[in-house]
Every structure is written in C-alpha cells, then in structure tokens.
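The sequence and model are shown first.

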Amino acid sequence: MKWIIFCSLFATPAFAETCPAAADHSVRQAEIIASLQGLSDGTGARPLTQELWNLWTDAPDARAQELLDRGMRQREGYDFLGSRDTLDQLIEYCPDYAEGYNQRAFSSFLRQDFDAALYDLDAALAIMPTHIAALSGKALTLMGMGRAEEAQVILREALALNPWLAERSLIVEPDGEEI
C-alpha cells in the first residue's frame with residue numbers, strides 16, 4: 001500500500017498544471033458567421049475571417065498560447081515534425097482546445113500524412129463543429145486521400161458557414177446543373 005502511494009506521488013505531481021477551459025467565443029463566432037453569410041460580395045470577408053482566426057487562436061492560458069505560437073512558427077519554418085511535437089504537447093496539456101488539433105492537422109497535411117490530419121480535424125470538429133478552417137481543411141485532406149465525393153460534402157458545409165472561402169473554387173457541380 002505504501003509503495004502504491006509513493007509511486008502515485010511521483011507519477012502525477014501534486015503541482016501538475018491543468019489547462020483551463022478556453023474562452024467561450026461562441027456568441028461572437030456566430031455573429032461573424034452570420035455577417036459572412038450576409039455579405040453581398042466578398043469584399044468584407046477578409047477582416048471577418050481574420051477575426052475568426054483571432055478567436056480560434058486565443059489559447060486557454062499563457063502556456064498553451066506559447067505552445068500554439070511555437071508550433072505555428074515551426075511549421076512556418078518548414079519544421080513540420082518539430083511543429084507536430086510541440087502541438088502534441090499542447091494537445092496533451094489542453095485536450096479540449098480545438099485549435100491545437102487543427103494546427104497539428106495542418107502540419108500533418110503539409111507532410112501529406114492525410115490519415116493523421118483527418119484524425120486531428122475530426123477531433124477539432126468534435127470540439128467545435130462550426131470551425132470553418134477545420135471543415136475546409138478536412139475537405140482538402142479528403143481530396144488528398146482521393147475521397148472526392150466526401151470532400152465535396154464537407155466543403156459545402158464549410159461554404160454554408162462562409163460562402164467567401166477561397167476553396168469555393170474547388171466545388172464540383174453535378175452534371176447538368178448550372179453553377
């Protein structure tokens with residue numbers, strides 16, 4: 001019994017940090033999505049899309065933000081494996097933070113590790129079903145896997161939320177229907 005207590009003290013330190021819940025930006029996100037859907041042309045889409053990215057990349061705390069920022073910098077520097085390792089740490093620390101999975105998926109996608117990317121995109125979407133970038137990323141990943149019909153369904157879901165995505169050019173209309 002003493003041995004079990006001794007081992008458990010060293011396996012999980014009493015001072016172990018836990019990730020706080022991410023800020024709830026769902027109301028503002030819904031407002032932005034409604035604004036995107038209401039635009040008559042794509043002129044105002046860019047600042048709204050940037051605001052969405054600001055919400056998604058608002059990590060739960062300073063430690064999570066540092067891991068997210070480092071992982072994204074590594075990816076920008078083409079260190080895809082380093083990025084994945086850093087984002088692994090973020091996901092281990094904050095398993096309920098959708099953007100950790102989305103960013104790790106992007107690193108996997110760039111390595112053409114589509115299975116890993118799809119796994120992470122599904123995890124991100126399980127946490128935040130209206131994450132437009134994760135939806136469009138999933139569509140692109142499915143395309144990379146040769147699963148074009150599934151990709152079209154997911155891409156249409158993303159476009160229903162934001163009709164001004166650049167990926168809208170990838171929509172394939174069924175034969176006989178006008179675009």
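## Helix 5

At 1.5 Å a residue, the 14 residues of helix 5 (residues 80–93) should span 20 Å, and the end C-alpha atoms are 20 Å apart, which agrees. The expected span is 1.5 Å times one less than the number of residues in the helix. Helices (H or I, at least four residues) and strands (E, at least two) are DSSP runs, numbered from the N terminus.

Phe 80, Gly 82, Ser 83, Arg 84, Thr 86, Leu 87, Leu 90, Ile 91 and Tyr 93 are the buried residues of helix 5. Buried means under 20% relative accessible area, exposed over 50%, and partly exposed in between (1.4 Å probe, protein chains only). The cover over these buried residues includes helix 4 (62–76), helix 6 (98–110) and helix 7 (114–127).

## Model and overall fold

The model is predicted: local features need pLDDT of at least 70, side-chain atom pairs count only at pLDDT 80 or more, and totals for chains, interfaces and linings use all residues. Residues are numbered from 1 along each chain as its sequence is written, and side-chain values use heavy atoms, with hydrogens and water left out.

The protein chain has nine helices and zero strands. Of its 179 residues, 39% are buried. Among contacts (heavy atoms within 4.5 Å) with a separation of 6 or more, 51% are between residues 24 or more positions apart.

## Nonpolar cores

In soluble globular proteins, nonpolar side chains tend to be buried together. A nonpolar core is a set of buried Ala, Val, Leu, Ile, Met, Phe, Trp, Tyr and Cys residues joined through side-chain atoms within 4.5 Å. The largest such core holds 32 residues, of which Ile 32, Leu 36, Leu 52, Ile 132 and Leu 135 touch the most other members. At least two residues of this core come from each of helix 2, helix 3, helix 6, helix 7, helix 8 and helix 9 (148–161). A second, separate core of ten residues includes Leu 87, Leu 90, Tyr 93 and Cys 94.

Leaving aside neighbours within four places in sequence, Leu 36 is in contact with Ala 45, Leu 48, Thr 49, Leu 52, Leu 161, Asn 162, Pro 163 and Trp 164.

## Pockets

A pocket is an open set of points on a 1 Å grid over the protein atoms alone, where a 1.4 Å probe fits, with protein on both sides within 12 Å along at least five of seven lines; lining residues have an atom within 4 Å of a point. The largest pocket contains about 500 Å³ of space. Of its 25 lining residues, Trp 53, Ala 133, Ser 136, Leu 165 and Glu 167 lie nearest its centre. Helix 3 (45–56), helix 6 and helix 8 (132–144) are the elements that give two or more residues to this lining.

The second largest pocket has a volume of about 360 Å³. Its lining comprises 19 residues, with Ala 23, His 25, Ser 26, Gln 29 and Met 128 nearest the centre. Helix 2 provides the largest share of this lining, four residues.

Ser 136 lies in helix 8 and is buried, with a relative accessible area of 6%. Apart from neighbours within four places in sequence, Ser 136 is in contact with Ala 158, Leu 165 and Glu 167.

Thr 141 is also placed in helix 8, and its relative accessible area is 1%, so Thr 141 is buried. Not counting residues up to four places away in sequence, Thr 141 touches Phe 109, Phe 114, Ala 117, Leu 118 and Leu 121.

Definitions and conventions. Points joined across faces, edges and corners; volume = space filled by probe spheres on them.
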